[in-house]
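Please look over the sequence and the structure shown here before reading on. The paragraphs that follow lead through them step by step.

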Amino acid sequence: MNNDRQEILKKMAVLAYQKHSQILWDAVKEVFELSDEEYLEIQKKPMYGLVQ
């Protein structure tokens with residue numbers, strides 16, 4: 001994943017985490033085409049669990 005996409009992913013994940021919004025989490029998974037494993041890892045720690 002390039003740096004721009006990774007930075008956007010990080011910001012969206014942090015926002016979803018802060019707002020406790022399942023709709024935002026679903027959008028993050030869909031837009032970034034994350035596997036279930038990647039999605040769960042990011043949900044656990046959105047600021048640090050980003051996929052390279």
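A residue is called buried when its relative accessible area is under 20%, exposed when that area is over 50%, and partly exposed in between, as found with a 1.4 Å probe on protein chains only. The model is a predicted one, in which local features need pLDDT of at least 70 and side-chain atom pairs count only at pLDDT 80 or more, while totals for chains, interfaces and linings use all residues. Residues are numbered from 1 along each chain as its sequence is written, and side-chain values use heavy atoms, with hydrogens and water left out.

Helices are DSSP runs (H or I, at least four residues) numbered from the N terminus. Helix α1 covers residues 3–19, and its 17 residues reach 24 Å from first to last C-alpha, close to the expected 24 Å, a span taken as 1.5 Å times one less than the number of residues. Its buried residues are Gln6, Leu9, Ala13, Val14 and Ala16. Seen down the axis of α1, these fall within an arc of 160°, so they line one face of the helix; the arc is that of the directions from the helix axis to the C-beta atoms. On the other side of α1, Asp4, Lys11, Gln18 and Lys19 are exposed. The cover over the buried residues of α1 includes α2 (22–31) and α3 (36–44), where contact means heavy atoms within 4.5 Å.

Just after α1, His20 takes a positive phi of about 50°. Ser21 lies in the loop between α1 and α2 and is buried, with a relative accessible area of 18%. The side chain of Ser21 reaches the backbone nitrogen of Leu24 at 3.2 Å.

A search of the whole structure for salt bridges (a side-chain nitrogen of Lys or Arg within 4 Å of a carboxyl oxygen of Asp or Glu) finds one. Asp36 forms a salt bridge with Lys29, the closest N and O atoms being 2.4 Å apart, and Lys29 is partly exposed at a relative accessible area of 25%.

How many aromatic pairs does a search of the whole structure find? It finds one. The rings of Trp25 and Tyr39 have centres 6.4 Å apart and planes at 85°, so the pair is edge-to-face; rings of Phe, Tyr and Trp (its six-membered ring) pair if their centres lie within 6.5 Å, and planes under 30 degrees apart count as stacked, over 60 as edge-to-face and the rest as tilted. The pair links distant parts of the chain, Trp25 in helix α2 and Tyr39 in helix α3, 14 residues apart. Both Trp25 and Tyr39 are buried.

Methods. Helices (H or I, at least four residues) and strands (E, at least two) are DSSP runs, numbered from the N terminus. A polar contact is a pair of N or O atoms within 3.5 Å; within protein, one must be able to donate a hydrogen and the other to accept it, and residues adjacent in sequence count only if both atoms are side-chain atoms.
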